[in-house]
Amino acid sequence: MIIAKLAYKSLLNRRASVLLTLFTIAISVMLLLSIERVRIDAKSSFSNTISGTDLIVGARTGDIQLLLSSVFRIGHTNNGVSWKSYEYITSQRGVKWSIPISLGDSHKGQAVLGTTLDYFSHYRFAKKQNLTFNKGRPFAAINEVVLGSEVANKLGYKLNDSIVISHGMGNTSFHHHDDNPFKVVGVLNPTGTPVDKTLHIPLAAIDLIHGGKASLVHEHEHEHEHEHEHEHDNLVGHPKQITAFLMGFNSPLYTLQIRRNINQYKPEALLGIMPTVTLKELWEMLAIVEKILLLFSAVVVLISLLGMLTTLLANLSQRRRELAILRSVGARPWHLFTLISIESLLTTLLGCLLGSALYYLAIFSAGGYLQSHAGISVNITILSYYELGLIGVIMAAGFIIGLIPATRAYFYSLSDGMSIKA
């Protein structure tokens, strides 16, 4: 207890250098815990980019290719799904809901998605969060468009603005549909998913602007002539083909059964994938990113501990007089060894405590930003056993590093002026 009290007072006496070391350790602990939390929650959020969807159905390509094209808007499929097949599959027993999607158009590099009102009712992201509107409402007419948050912010669109979409994905557009402008009627809240970069229009509009049956303006006027008569049918239409569709079921048993039937479907080559399983496979392909984050965390901690070692060794040279006085009043070499060891342990402990506090402050402050801009839903919870284990490793490493200057103090010789004759 006396040595511990002496170590505490010694730290206070050298508070400037101790605080510098303490903050170095605290920052490294904060970064380590933050990186670990973001890594774990990024993996979870990545897996929940689409949530609550039991099955994604599209043309038979590859599981990951279908997932990337339909959910992440990356790449494209050469074939689609006939509307006849869509109606047949979604009419099967056990199907709770379905969302047809049609891709292939864009607006200034942003994807345009044709769908139905069921998209706003059943599409889920993160932990089964539903889409919400920041402004406006869902489309109710064939010439209306709902924007993702990033589209609205990046391009500066407001409600009632007119938009012309183009044929072709990404920045490669082959034809502008100037004769069929869309009116902005809604802007979605940020989700941190590809929804933010998407323009949503009625499925029937895709068929009209490509089929050339009528202009959207004329079709809109026609709708008003028969207002509320067949509102849902007018927004869906009867397209020949769609890109893919999402499905939800009443029971997991129906999911497995219908998935098997889809993969064996005779009229056309279709593929049904379970997004949670495919997302897991995709994340495993990106495991190198996880390893890099872990390596970065380890390097940060190592640098901070080496900084502490450098400070302790530098201070040791400046404390010759102090240690000589302790020896002169009866302190033995093992007393000095214990004193230096306790000082390093106390510094590491205080650094870990401060680092944990800074970690919670950082997560609390950046949680909303990570959700809206990176799609990472960060959980603010008590430290897990794994995270406590990491802190324990840092404590042990700090103690071991403290043994180096402690050993040097123990073996100071008579010529160093640190010893007295027995």
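Is His167 buried, exposed or partly exposed? With a relative accessible area of 34%, His167 is partly exposed. This report answers a few more questions of that kind.

## The chain as a whole

Please keep in mind that this is a predicted model. The protein chain holds 15 helices and 16 strands. Of its 422 residues, 47% are buried.

## His167 and its strand

His167 belongs to strand 10, which covers residues 166-167.

Which residues make the contact? Helix 3 brings Asp63, Ile64, Leu67 and Leu68, while helix 11 brings Pro275, Thr278, Leu279, Leu282 and Met285. Sorted by class, this contact has seven nonpolar residues, one polar and one charged.

## The largest nonpolar core

Leu67 turns up again in the largest nonpolar core, which has 31 residues. Together with Ile56, Tyr119 and Tyr123, Leu67 touches the most other members of this core.

Several elements each supply at least two residues of the core. Helix 3 and helix 11 are among them, as are helix 5 (118-122) and four strands: strand 3 (95-107), strand 12 (182-188), strand 15 (244-249) and strand 16 (270-273). The most comes from strand 3, with four residues.

Strand 8 (residues 144-147) is covered on both faces. Glu144 and Val146 are buried on one side, and Val145 and Leu147 are buried on the other.

How does strand 8 run relative to strand 12, parallel or antiparallel? These two strands are parallel and are joined by four bridges. Within strand 12, Val184 is the residue that stands opposite Val145. Strand 13 (residues 198-202) pairs with strand 8 in the antiparallel sense, over two bridges. Leu147 has Leu199 of strand 13 as its bridge partner.

## Two loop residues with positive phi

Lys108 has a phi near 55 degrees, a positive value in a residue other than glycine. Lys108 sits in the loop between strand 3 and strand 4 (110-115). Since exposed means over 50% relative accessible area, Lys108 counts as exposed at 57%.

Where is Asn160? Asn160 is placed in the loop between helix 6 (149-155) and strand 9 (162-163). Its phi is near 75 degrees, again a positive value in a residue other than glycine. Asn160 is exposed, with a relative accessible area of 54%.

Methods:
Residues numbered from 1 in each chain as written. Predicted model: local features only at pLDDT ≥ 70, side-chain atom pairs only at ≥ 80, totals over all residues. Heavy atoms only, no water. Contact = heavy atoms within 4.5 Å. Nonpolar A, V, L, I, M, F, W, Y, C, P; charged D, E, K, R; others polar. Buried < 20%, exposed > 50% of the residue type's maximum accessible area, 1.4 Å probe, protein only. Core = buried A, V, L, I, M, F, W, Y, C linked by side-chain atoms within 4.5 Å. Pairing = 2+ DSSP bridges.
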